[in-house]
Amino acid sequence: MSANDRWTLYFHWLHLYENYLVRQLTVLEGGRREVYKQYIELQHLQDVEVMRQMLVVGMTTTSAARLQTVLQSLRSPIVIVEEAAEVLEAHIIASLTNHCQHLILIGDHQQLKPSTANYRMEVKYQLGISLFERMVRNNIQCHTLGVQHRMRPEIAKLIVPAVYPKLDNHPSVENFPNVKGVDFNLYFIDHHHKEEEVHDSKVNRHEVSYIIALARHLILNGYKPEDITILAAYSAQMFALWEERKRFTHLLKDVRIAVLDNYQGEESRIILLSLVRNNNEGNIGFLKIDNRVCVALSRAKEGLYIMGNISLLCQASEIWPKIKTVLVDQNSLGRSLRLRCQIHTKNVTEIENLKDFENVSEGGCNTMCDSIMNCGHVCPKVCHIIDRQHENISCKANCTRILCDNEHVCPKMCFEECGPCMVLMKRTLKCSHVISLTCSTDLDTVKCMQLVTAKLPCGHTDSNKRCHTPVDVHICPFPCTVRVEPCGHACSLSCHIRDDPDHLIYVCRKKCEKPAKGCSTGDHKCKRDCCEECSLCEVIVEKRRTTCTHRLQIPCNEDPNEIVCKMACRRLLPCGHACKKKCSETCGDCRVMVAKELSVCHHEVKVKCSETPSRDRCTGQCPLTLNCGHVCQAKCNEPCTKLCGHLVEHDKIADCGHKFKIACHLRTKVLPGNSYKLLRFCDSPCNAVLECGHTCSGTCGSCAQGRIHATCNQKCGRILVCGHECPFPCREACQPCNLRCTYKCAHSICGKQCGEPCTKCAESCERRCIHSDCANRCGDICSVAPCTNPCKKKLKCGHDCVGFCGDPCPPLCRVCHYDDLTETFFGTEDEEGARFVLLDECGHIVESTGMDQWMTVDDGNAIKYKCCPKCKTPLTSTQRYSSFIKQTLQDVYAVKLKFFGNVKENEEKRAELLGKMNDLEKLTNEMPASALLLQKIVKNLKNSVQVVHKGRKITLNSSLSRIYLSKMQVLENIIKSFIAVKLGSATVIHVAIEDMEFLLNSLSREGNTMTNQEISDIRKETNRFSHKVQLLKISESDEVFKAKIYGNSYNKKLYETIYYKLASISPFSDAADEEIGKNIAYLSKELGTYVSQIERQQVIQAMKMAKGHWFKCPNGHYYAIGECGGAMQTGKCIECGVAIGGHSHTLLSTNRHAGEIDGSAHAAWSETANNLFNFEGFLNG
């Protein structure tokens, strides 16, 4: 199995496994859904049991729609819907069951209406109207609450009577406290700062910074963040407020910022409302809708502060003028907001823009606090409302507290903890040493670090011992002087009288002084440490073996006699040759190649000296004489020729009428005059005029008597577009040029065949100098012209270069080589200032002006490379003329592409050809084993269309695709025609094989080219073969069928005429093809539905029945009985309708056994000879 087949099988298995996993997952998912469904049902049952114990059950309308089964189980008689004016009708309907007896809707249809995700649908189908509002509009009974419990009276006046005709204030709202730090509880800050558009929404930057600063001021005046809510009319404004709040996170992080539409039904002590809209177009958006205005103005309890452009609002809406009137009456409209200090009540600050808030930075005013704090210092901050007791204010004044008995003053700030006294001072320790310590340090905890001289227990005197360290603890700094036993090295440690004084544990790390282990000389010292076991001596030394004379380079510790000697043996063999084996191997088997003579053929062959020569090694010509008297034509190492191929005279008469010699082995065979085996030896010239116009150079035999002419070998000679001469023999068979492409650039060469379209070079163009630089790729036409400035370089002789800047310097000098350089060609070589160009392709040096004119000469419509004017070498790489070259390459590329074909289409055609070739290979499996030539042709054809064959890429063009397809169609027709008769007699198969070999030999000619002449000839002969196959099938028919042919004189004559035309060696014309086709069709029509003997055998073989199962009705129509072959039931003949079959294994008396069908002697179920005559194999056994 090939690698591709293995991968295909692997991915097939992988695909099957994936499908299996998907099926398993589907089953598991189905099970999970079923279990989850049961779980939800059980959960609902549990929830219902809990809810039934409750008097009131609350849920959203969304949950009500989702939990319909729960609602049905609850059977609630009363349903109350809060904020019903903002709920879609469908949501309320989904919350009702058939058990509902009383529906109570609570809401305000003059506030926000319900909304949908699709605004167009909302408007078109009136979805923006709630059931509550619809009922109010239709005068259904409705009770209105006339007392409000939320807003202070001055805020309530904004919506009464502008929105609500009558609304009374509850006494509880009459005594709300005034807002601290502000002169007004209700105020509209009017401004003209313009809005911005952000992502289809609106933002007003002035209102953002102003409102955040105002919220901060209110919190600094004692309000909690939960008491303040900032409402924005647009979502973009809300996001901007969130960003601005980050500047004061420690104060405002809990202040709620929401969009207006999401705040219905909620309230807050103080509302800061940002209306956003401020533009020159007079557009205020949804601020003109009464419902939204009502919601915006009715959320505050104690304080409401609004920012916007009152003039714009009044101009674009009917409700805002009413609101403005209320504001003016209450003196609550202005350009600036008045803030009053709670401490210094006379100090009032007008706030019109953000900068004005700097005057009330701490929530009071800009007067200094000057209060005396608990520490006795004066408060350094400006007036502040929060922390009037100064409990959380850090005093930054210098501390004046006394820290110790030495009356040291604390050096820290007032708010910092003093801690112990850290002043440095001279202090005397118990050991009488005086050192610098902090005032608060306890002397009992201090260790004296002064150096003193002491006598140590080991006997050494150390002058660097610390005063606090005892002498029995102090580490002696002097080296140990005791010799280590048993190695004798001096100890490398310091004095260690208290730790292993006898070196019982000590490990000596000095280098070992002993010889290495196993050292044969005693001169190689061990390389390990003294404490380690000595290593084997690994020094490489030369040692001589005692068993041979060789010397080996081996480690010192090894024995040379124990090592297998790999050196060459020096002994002489009995034959006189030196032994070629290793020293350790047994001598013999001389491998020197010598010439020995064979006794049969007396040829000399090269064999090993120790071997006896045999004929299978001889490649000379066999000298033996065959039975016919001719010398064998095979090699000595091959079996002798069975079919002698020597050409000899013969007495056979060929239909072509020529005299010629044939192969010796055919001389005694009986061959008809039209036999291909005979006629292929005819060597008379063909001399026919081919379709290409040339005279055929083949022989009568090679051209099959003019039926399939040999390939025309006349030289084409035509110059191809690439500049090469066509290498194919006749222009009728021209293919894309198969020589190596000559195009190259400064970076690379084209590696394709010349007939393939070249790939453009993708590197940067090399046309560059100090004056210009091409920006294009190398394969594209240059973006700049070649430089015309003289080259500044010097030649080897020291004179100036005669070329151009950026070009390769011509090797000729105007001074040193004047005559050679100015040799007349264009006539401009000797002009003053003439410049010359070196052509890379051929090395010629030409004058630039004349060369430029030569390059621009119009060649008419001819597409060809520009060439050197002196030697006609095509120009493909000279940089100066690259634009001309690239333009020509583009034209040539177009021509090649047209002739070669598109690469993608060629690869698709290759895949198609490979698919057809695989089908063709399957058909060859049905051919006889002798069809070796067919298998060879199919294999070679398949190799020709592979992507890679024998490690080389196979290029396919459109012309070759057509030729391969033609050959495959011919092969397919030949194979199918042969299969139709392969079950015939030996004579029929022999004739079919001979004709098939004739066609296959024509297809197996060398080369991949096929001329139109060959295609036409092979097509005609293939048609002849197909007609002959049909005639062969007729020749195999039975006597009844022959009577139908030969019993009619016209049919007999027509049959014989067809036979002689098909057996003729004359070329088969299209007219003859058409005529024979019509005649065979006529005979087929005359025969009707007759089944030939061959076709009958094919049917019998396909049914796979044993002999004796075929029978015929009284009218001679055949039928078969299966199983054991005995008749068990009756039926009707499908041809004539008479009774057939029988009962109880007994055939009807009117029916007969049809042994002529399968050659059986008796029926399968028969008493005659116990049925044994039907089983030839058994009898033979």
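This is a predicted model: local features need pLDDT of at least 70, side-chain atom pairs count only at pLDDT 80 or more; totals for chains, interfaces and linings use all residues.
Trainee: Into which domains is the chain divided, and how far apart do the C-alpha centres of domain 2 and domain 4 lie?

Mentor: The chain is divided into domain 1 (3–138), domain 2 (147–335), domain 3 (424–466), domain 4 (621–676) and domain 5 (1104–1180).

Trainee: Which strand gives the most to the lining of the largest pocket?

Mentor: The largest pocket holds about 1,200 Å³ of space, and its lining takes at least three residues from each of domain 1 (3–138) and domain 2 (147–335). Among the elements that each supply at least two lining residues are β2 (102–106), α6 (131–137) and β3 (147–148). With 5 residues, the one that gives the most is β2.

Trainee: How do the residues of that lining divide into nonpolar, polar and charged, and which of them lie nearest the centre of the largest pocket?

Mentor: The lining of the largest pocket comprises 35 residues, and these divide into 16 nonpolar, 13 polar and 6 charged. Those that lie nearest the centre of the pocket are I106, G107, D108, F132 and L145.

Trainee: Does S684 count as buried or exposed, and with which residues is it in contact?

Mentor: S684 is found in the loop between α14 (676–679) and α15 (818–821). Its relative accessibility is 15%, and because buried means under 20%, S684 counts as buried. If the neighbours within four places in sequence are left aside, the residues in contact with S684 are H658, T699 and C700.

Trainee: How many of the residues of strand β10 are buried?

Mentor: Strand β10 spans residues 268–274 and is mostly covered. Of its 7 residues, the number that are buried is 6.

Trainee: In which sense does β10 pair with β8 and with β11, and which residue in β11 is the bridge partner of L272?

Mentor: Strand β8 (residues 228–232) pairs with β10 in the parallel sense over 5 bridges, and within this part of the sheet L231 stands opposite L273 in β10. Strand β11 (residues 300–308) also pairs with β10 in the parallel sense, here over 6 bridges. For L272, the bridge partner in β11 is Y305.

Definitions and conventions
Residues are numbered from 1 along each chain as its sequence is written. Side-chain values use heavy atoms; hydrogens and water are left out. On a 1 Å grid over the protein atoms alone, a cavity is a set of points where a 1.4 Å probe fits but cannot get out, and a pocket is an open set with protein on both sides within 12 Å along at least five of seven lines; lining residues have an atom within 4 Å of a point. Grid points are joined across faces, edges and corners, and a volume is the space filled by probe spheres set on the points. Helices (H or I, at least four residues) and strands (E, at least two) are DSSP runs, numbered from the N terminus. Ala, Val, Leu, Ile, Met, Phe, Trp, Tyr, Cys and Pro count as nonpolar, Asp, Glu, Lys and Arg as charged, and the others, Gly among them, as polar. Domain bounds come from an automatic or database domain assignment. Buried means under 20% relative accessible area, exposed over 50%, partly exposed in between (1.4 Å probe, protein chains only). Contact means heavy atoms within 4.5 Å. Two strands pair if DSSP finds at least two bridges between them.
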